[in-house]
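Reader: I would like to go through the fold of this chain step by step. Please begin with the sheet and then turn to the helices.

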Amino acid sequence: MSLSKYQNNRKLIDRIKESIINERIFHAYIIEGDSLSDKSTFAKEFCKAITCREMPGTGCDNCITCTKFDHDNYEDYHFVESDGMSVKDEQISRLQAELKKQPVLERHFAVIKDADTMTVRAQNRLLKTLEEPFPGTVIILLSENRENLLETIRSRCVLFRLEDINEEARGREEADMIFDALYNEKAFFEIKQILGSAVKSREDAYALLDGLERIYEKLLTWQDSRRKMYRKEDIFKAIELIEEARRDLHAKVNYQYALKNLILKIGG
Ligand SMILES: [Zn+2]
């Protein structure tokens, strides 16, 4: 899933895209969002958008660099997180040693998760790097509340504020489209087309299944007026089939195949 998936953050995504295309990439960012928002994934998508040559400013999910990020093996991507208590001085020190080295590819990316929990010593150490950044390096701090960071750090970072990208939102739109198509008994080839444009990766496929499952669960509990068109056992059956498709994905079955199979079974 590239940055284009963050529909709830349209303005932010447009701003990011524009800055990347115009090569105005800053050396430090704070990504702020509540505890439910998956800031780590967003940070990775941001890095993909910077490095991707196929769809600069967005990320294509298919090229070598996008794939490397998705598989967590991009050589110059450094990830630091709290040990459960805090992000420690030594961790920042180790990170700085990595950033000093020549990047394998074009630039280093450093993501500091739980940046709010950095000790004051760690923050002061990081500050030195923010004041004299290594050329090309992009440092991204993930934060629930930037007020927990030293003012001197905040003032050296560009802020991205994430709105509502919690799990509930993932795959919702795509699932609605697919469910509507099924509900309206659209032809299989039409649904296949929707699938083709809505699902571009395994991650998308998982998100779609989550979204579909939530729709059927709402039907089950009469939270959706379309409930009257369904027998309870059909809904149970659909949920079962969704779970089966999820197992297929886990078992590395081709995701397009798994989804088409699901649609055929639910529709039939
Ligand atoms: Zn790409």
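**Sheet and helix packing**

Author: In this predicted model, five strands make up an open sheet with parallel pairing, and their order is β2-β3-β4-β1-β5.

Reader: Which strands stand at the edges of the sheet?
Author: An edge strand has a single partner strand, so one side of it is left without a neighbour in the sheet. That holds for two strands here, β2 (77-80) and β5 (158-161).

Reader: Which residue in β5 does Y29 stand opposite?
Author: Strand β1 (residues 28-32) pairs with β5 in the parallel sense, over four bridges. Opposite Y29, the residue in β5 is V158.

Reader: What angle does the direction of helix α2 make with that of β4?
Author: Helix α2 (residues 39-51) packs on the sheet and touches β1, β2, β3 (109-112) and β4 (138-143). Between the directions of α2 and β4 the angle is about 160°.

Reader: How is the chain divided into domains, and what distance separates their centres?
Author: The domain assignment gives domain 1 as 3-167 and domain 2 as 170-267. Taken over C-alpha atoms, the centres of domain 1 and domain 2 are separated by 33 Å.

Reader: Are α7 and α9 roughly parallel or oblique to each other?
Author: Helix α7 (residues 172-183) packs against helix α9 (residues 202-220) with axes 8 Å apart and an angle of about 60°. Roughly parallel would need an angle under 35 degrees, and roughly perpendicular covers 65 to 115. The two helices, α7 and α9, are therefore oblique.

Reader: What classes of residue form the contact of α7 with α9?
Author: From α7 come R172, E174, A175, I178 and F179, which meet L208, G211, L212 and I215 in α9. By class, this contact has two charged, one polar and six nonpolar residues.

Reader: How are α10 and α11 oriented to each other, roughly parallel or roughly antiparallel?
Author: Helix α10 (residues 232-250) and helix α11 (residues 255-267) have axes 9 Å apart and pack at about 165°. Angles over 145 degrees count as roughly antiparallel. That makes the orientation of α10 to α11 roughly antiparallel.

Reader: How many nonpolar residues are in the contact of α10 with α11?
Author: Residues in α10, including L241 and I242, meet residues in α11, among them L259 and L262. The contact also has one polar and two charged residues. Its nonpolar residues number 10.

Technical notes: Residues numbered from 1 in each chain as written. Predicted model: local features only at pLDDT ≥ 70, side-chain atom pairs only at ≥ 80, totals over all residues. Axes fitted to C-alpha atoms, helices over the stretch in contact; angles between N-to-C directions. Contact = placed C-beta atoms within 7 Å. Nonpolar A, V, L, I, M, F, W, Y, C, P; charged D, E, K, R; others polar. Domains from an automatic or database assignment. Pairing = 2+ DSSP bridges.
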